[in-house]
Amino acid sequence: MKDMIIYPGSFDPITLGHFDLIQRAARMTDHLVVAVLQNPNKKGFFTVEERVEMLKICTKDMPNVSIDSSGGLLVDYINKKGGKLILRGLRAVSDFEYELQYAMLNQRLDKSIEAIYLMTASEYSFLSSSVVREIGHLGGDISGMVPEAIVDTVKQRLLLAGKQK
Ligand code: ADP
């Protein structure tokens with residue numbers, strides 16, 4: 001396996017599904033970089049700074065994991081970082097279709113970059129950042145969906161926004 005793996009995503013916010021992938025991938029490489037990338041198709045709820053901060057809190061005891069953020073094209077970011085391997089997660093067939101398209105596009109832009117995929121852990125297969133946001137806005141219980149260390153922050157931010165609607 002490569003000495004560096006880059007795990008890009010929106011992480012809006014990080015869920016236990018993301019966290020499970022981070023833990024598993026950290027065991028496969030010397031250095032895992034989790035990168036918050038602004039996806040122009042997704043408006044985003046938390047600011048990039050907030051997402052980075054939450055990722056940092058959740059990974060603070062993982063010495064070979066670092067957190068970063070970037071705008072622009074993923075392949076440009078990967079090249080700038082000096083990496084060659086991207087990690088993505090798969091939950092369902094719908095993820096596969098999206099990831100296939102995304103991988104084809106990245107291959108077209110830069111053939112030297114490879115992607116690897118980890119299957120979701122079954123207990124997190126239903127979990128996405130949008131599910132967390134939806135439940136949190138409505139005042140539902142999001143513990144067991146995001147890492148314990150950020151439950152209260154996420155809850156408060158979402159509840160406040162839900163009330164302002
Ligand atoms: P993006 O906007 O780039 O899809 P996300 O933060 O939604 O960003 O997801 C980042 C990556 O993590 C994607 O590859 C997604 O499939 C994967 N992922 C998201 N939730 C889970 C989960 N519960 N289990 C496994 N992988 C997941």
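**Reading the ligand site**

Guide: This model is predicted.

Visitor: What is the distance from a polar side-chain atom of arginine 88 to an oxygen atom of the ligand?

Guide: A polar contact is a pair of N or O atoms within 3.5 Å. For arginine 88 the distance is 3.0 Å. Arginine 91 also has a side-chain N or O atom placed 3.3 Å from a ligand atom, in this case a nitrogen.

Visitor: How much of the ligand does the protein bury?

Guide: Compare the ligand alone with the ligand in place. Alone, the ligand exposes 550 Å², and the protein buries 94% of that.

Visitor: How many residues surround the ligand, and which are the closest?

Guide: A residue counts as near if one of its heavy atoms lies within 4 Å. By that rule 17 residues surround the ligand, and Tyr7, Ser10, Lys42, Gly89 and Thr120 are the closest. Sorted by type, the shell has five nonpolar, seven polar and five charged residues.

Visitor: Which elements give two or more residues to the shell around the ligand?

Guide: They are the strands β1 (4-9) and β4 (85-90), and the helices α1 (16-26) and α4 (93-109). The element that gives the most is α1, with three residues.

**Reading the pocket**

Visitor: Where does the ligand sit?

Guide: The ligand sits in the largest pocket. That pocket holds about 1,100 Å³ of space. Its lining has 45 residues, and the closest to its centre are Ser10, Asn39, Lys42, Arg88 and Tyr98.

Visitor: Which element supplies the largest share of the lining of the largest pocket?

Guide: Here the answer is α4, with nine residues. Other elements that each supply at least two include β5 (114-119) and α5 (129-137). The lining divides into 18 nonpolar, 18 polar and nine charged residues.

**Reading the backbone**

Visitor: Is the peptide bond from aspartate 12 to proline 13 cis or trans?

Guide: That bond is cis, with omega near 5 degrees. Proline 13 is in the loop between β1 and α1.

Visitor: What is the phi of phenylalanine 11?

Guide: Phi is near 50 degrees there, a positive value in a residue other than glycine. Phenylalanine 11 also has its place in the loop between β1 and α1.

Note on methods:
Residues numbered from 1 in each chain as written. Predicted model: local features only at pLDDT ≥ 70, side-chain atom pairs only at ≥ 80, totals over all residues. Heavy atoms only, no water. Polar contact = N/O pair within 3.5 Å; in protein donor to acceptor, adjacent residues only side chain to side chain. Areas by Shrake-Rupley, 256 points an atom, 1.4 Å probe, with all protein chains shown as cover. 1 Å grid on protein atoms, 1.4 Å probe; cavity = no way out; pocket = protein on both sides within 12 Å on 5 of 7 lines; lining within 4 Å. Sits in = over half its atoms within 2 Å of the grid points. Helix = DSSP H or I, 4+ residues; strand = E, 2+ residues; numbered from the N terminus. Nonpolar A, V, L, I, M, F, W, Y, C, P; charged D, E, K, R; others polar. Points joined across faces, edges and corners; volume = space filled by probe spheres on them.
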